[in-house]
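Please study the sequence and the three-dimensional model together before reading on. The paragraphs below are meant to be read with both in view.

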Amino acid sequence: MKTIYLFISLSVIALQACSQSPTNTPSNTTPKTPATTPAATTEKPKKPVYASAKEGWLVDVDEAYAISTKEKKPILANFTGSDWCGWCKKLDADVFTKPAFKEWAKENVVLLELDFPRRFQIPQKNQQQNAAMQNALGIRGYPTIWILNLTKDATSGQYKVNGLGKTGYAPTVEQFLSSVNQFVN
């Protein structure tokens, strides 16, 4: 019984120690006064811009549409749960990070990541656009990859989605490309 009590006590102490947030100002110094504060710190800090962790992937449907229209390429939309979906992580590692895929993508498609994370929050605008695309294409599982074209209604600003084909996980770049090339060409 003493062992259990000791274990619980140590666990509580460890959790409290880990949950304390660090301070930016050491306790033994005085804060800077406005006269001693550098000019750079008086500017408002810029909000970090949300972007995909993967090089070359866009997260904004409007930006993907603009590039797709300009370059006359379809969009490869990757519906993913980047921080929790094991098959999504495996697809990233086995296919999307490989030079052969990157070269193919540069020539053939515009890359769009539509993420549904659980451990962090993406901006509201991206959450809404991702959910709208998920609903429009009937996404039920991850990873799901759609090759698609978008057209934009000039009066409403709404997109019409023309799905060319979809696929999921493939263990190699070659297998993935043999699946999606039939939709691109």
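This is a predicted model: local features need pLDDT of at least 70, side-chain atom pairs count only at pLDDT 80 or more; totals for chains, interfaces and linings use all residues.

Residues are numbered from 1 along each chain as its sequence is written, and side-chain values use heavy atoms, with hydrogens and water left out.

Let us begin with the sheet. Helices (H or I, at least four residues) and strands (E, at least two) are DSSP runs, numbered from the N terminus. Two strands are said to pair if DSSP finds at least two bridges between them. In this model 4 strands form an open sheet in the order β2-β1-β3-β4, and the pairing is mixed. On average, neighbouring strands are turned by 30° against each other, direction ignored. Axes here are lines fitted to C-alpha atoms, for helices over the stretch in contact, and angles run from 0 to 180 degrees between N-to-C directions.

Strands of a sheet pair through backbone hydrogen bonds, either parallel or antiparallel. Strand β1 (residues 75–80) runs parallel to β2, and 6 bridges join the two. Within this pair, Ala 77 stands opposite Leu 112 of β2. Helix α3 (residues 61–71) packs on the sheet, where it touches β1, β2, β3 (144–152) and β4; contact means heavy atoms within 4.5 Å. The direction of α3 makes about 165° with that of β2.

Lys 152 has Tyr 159 in β4 as its bridge partner. The two strands β3 and β4 form a hairpin with 6 residues between them, and Gly 157 in the turn has a positive phi of about 80°.

Asp 94 belongs to helix α4 (residues 86–96). Is Asp 94 buried or exposed? Asp 94 is buried, because its relative accessible area is 19%, and buried means under 20%, exposed over 50%, and partly exposed in between (1.4 Å probe, protein chains only). Residues up to four places away in sequence aside, Asp 94 touches Tyr 169, Pro 171, Thr 172 and Val 173. Trp 87 also has its place in α4. Leaving aside neighbours within four places in sequence, Trp 87 is in contact with Pro 143 and Tyr 169. Trp 87 and Pro 143 are 56 residues apart along the chain, yet their C-alpha atoms are separated by 6.6 Å.

Finally, consider the pockets. On a 1 Å grid over the protein atoms alone, a pocket is an open set of points with protein on both sides within 12 Å along at least five of seven lines, where a 1.4 Å probe fits; lining residues have an atom within 4 Å of a point. The largest pocket is lined by 18 residues, and Glu 55, Gly 56, Lys 102, Lys 106 and Leu 111 lie nearest its centre. Two or more lining residues are given by each of α3, α5 (99–108) and β2, and the largest share, 5 residues, comes from α5. The second largest pocket is lined by 13 residues, with the largest share, 6 residues, supplied by α6.
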